[in-house]
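Reader: Could you walk me through this one, starting with what holds the two sides together?

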Amino acid sequence: MRFEDVLSLDPAALRCPFTGYADAREKGVYFSPEANAYVVSRYADVSQVLRDSRTYSSSITTGAPKPPPDSEMAKYIPFLLLSDDPDHARRRSIVNRAFVPAKLAAWEPLVRSLCTQIVDGLSGSEVVEFIDAFAVPLPITVITHVLGVPPADAGRFRSWSDQLAASIGAHNVDPGEVLRIAKEFAAYLGPLLDEARNREQNDILAIIAAAEAAGELPRHDAARFVMELLIAGNITTTHHLSSTLLMLARNPELADRYRGDPDTIPKLVEESLRLEAPIQGFFRLATADGEVGGVKIPAGSRVMVLYGSANRDGATFDDPDTLRPERANVTTHLAFGRGIHACLGAPLARMESRIALETLLSRTTSIELAEPADNVEYLPSFVNRGLRALPLRVTWVRS
Amino acid sequence: MSSTEPVSLLVAGRDVIADDVVVLTLRDAGANELPEWTPGAHIDILTGDSMSRQYSLCGDPADRGAWRIAVLRDPASRGGSRFVHDGLSVGSTVGVRGPRNHFPLQPAERYLFVAGGIGITPILPMIAAAESRGAPWRLLYGGRRRASMAFVDELGRYGDRVLIRPEDEYGLLDLASVLAQPRTDTLVYACGPEPLLRAVEEHCGHWPAGSLHVERFTAKTFDDEPAGADTFEVEFKRSGVTATVPPDKSIMEVAEEAGIFVLSSCMEGTCGTCETTVVEGEPVHRDSILTPQEQAAGDTMMICVSRCRSPRLVLDL
């Protein structure tokens, strides 16, 4: 299989893009007309591009072309993801402190109680559609609390998030429709920002509203900032939880091992991130002539960095296609990217996955696929790796 | 942060605005927009002696075309202010890094600003921000003589919210009365010479923790910081492992080689994932997360980039 089969969104290639990635790594850095980009797939090369944010601009990270600066669309595109330093550093510094592990630890009791509540509600059901029942509600509810937006509106946030995320790594995207949804989302957030200005709590919405009040952010920037954090804070975590549960359902012995040794679940989370990165790749724009993996990349070129491939590079990970949570470099995967744009919410995602697995494994004695493994289908995106559905047959611990 | 690569800017304006105080207007030679900044931010001016000096931006953040700095000639100066005063004129180019902000204006209902001498510079844009936000504020501004105090005219438009208090007319600043009553809705921002800041800190002793924010003048920053580049020993206390960190490896890499499970993401001190508790030793911080106060306290460090000044570092890992 070629990597270009993945780009074509062929369902079989989306189910297992990894032979396509192996083919790309074999070739080294090369220009793919289908991607209209230089494809970078080896670990060392991907890491080099991500660390060199001066040469490789983030302005086209999602692959969509840069909108003209004075266009309406420019007011709704992601605020952090597509920015470069020094703007990026300034923008990120507004919220960065709130997302470090030491601060996020305060949310652990909430995450645990949400996991318990969801599982309590499911305990009567033998067959559970895991995505709708767990992988969607947990992260969207958590992020509404962390940001300080009404949890009661989680359903609307999820629907906007799904629609906007679906435009990434897809073909035939209608930019007018993307703009329409983003405007609707932003319009909804306006009154929330107004209200947050006078709030006592120091949640993220209040931090952003204060920056707006201090004249640091115009309203459209404040709104797209919140929008971006909401979207980033739920879609990827849903995908990661689902991929991890599929892994466990296919391998009952693995689930039993972690039931008996829950303290090592963080290593399983890391290994699952390595094998099934929720973001499989992103784009960069070369702002100057450069060279990656011995190949010259001219200024102005699009560059596609494949995290999902780097994570399975045998030069960095022994036996790369095998799940081995005990490997010494289990945390060095690129699922959260690397460099200045490394995922802001990584500590939150890691916490949610750890607590979700602790809860699910301790409250079940077996988790199996309710349908044959060959039937699993992925969303049509070469960026987002997300299952469409995951029906599980679960044996709950009797209370 | 990676805005460490210097850029060349054009000196587009140079005005003496008070005794020994010169204001420079800096622009991009190609008339490009300058990077965004927020009140409290500073830039590093490369002073041609492989050193740089930090100067607060004191113009309008909304003006992306120009930056303004005000520099006091320090008679004891051996490089920085003399370079700016004597070496730069309209049409000169100067190497600049930044901006960076170690003194950001946090949201609050009210503000009290205290400035001493050239310490007025970071306070000016803070006042404008408080003003545009509609937050009530006051400024207590001291200096040796009225003629030595920069921006007195510019501050005139704020009326009696600004107390101009030259020492030869009023004596030392009356901190006791403005800081007598601690308030929970007010943040205090102070910048000025060390004795003033110490006095402000004393008078804020009974204010709620976190009320007071100060910026100290830093004399000079070396371009490359040799401290901490050497080899040191690290003990990972919980794991019971001791190892050597050579100059070409990070603490993170050494931990990984020792089989210690440490989470990481950015590997360059921006994301905060690897924040680790320091049990013993003097860290040399190279991250862009911790505040200067937190860095000075040295309780935690980012082990992907930060190093150690003392020969031995003990970490809670």
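Reader: What should I know about the model itself?

Author: It is a predicted model, where local features need pLDDT of at least 70 and side-chain atom pairs count only at pLDDT 80 or more, while totals for chains, interfaces and linings use all residues. Residues are numbered from 1 along each chain as its sequence is written, chains are lettered from A and ligands numbered from 1 in the order in which they are written, and side-chain values use heavy atoms, with hydrogens and water left out.

Reader: Which residue of chain A forms a salt bridge with Arg64(B)?

Author: The closest N and O atoms of that pair are 3.8 Å apart. The partner of Arg64(B) is Asp87(A).

Reader: How many residues does chain A bring to the contact?

Author: Contact here means heavy atoms within 4.5 Å. Chain B puts in 31 residues, and the number from chain A is 35.

Reader: And what is the area buried between chain B and chain A?

Author: That's the accessible area (1.4 Å probe) that two parts lose on being put together, summed over both. Carbon and sulfur atoms give 52% of it, and the total is about 2,900 Å².

Reader: Looking at chain B, how many strands does the secondary structure have?

Author: Helices (H or I, at least four residues) and strands (E, at least two) are DSSP runs, numbered from the N terminus. Chain B has eight helices, and its strands come to 19.

Notes. A salt bridge is a side-chain nitrogen of Lys or Arg within 4 Å of a carboxyl oxygen of Asp or Glu.
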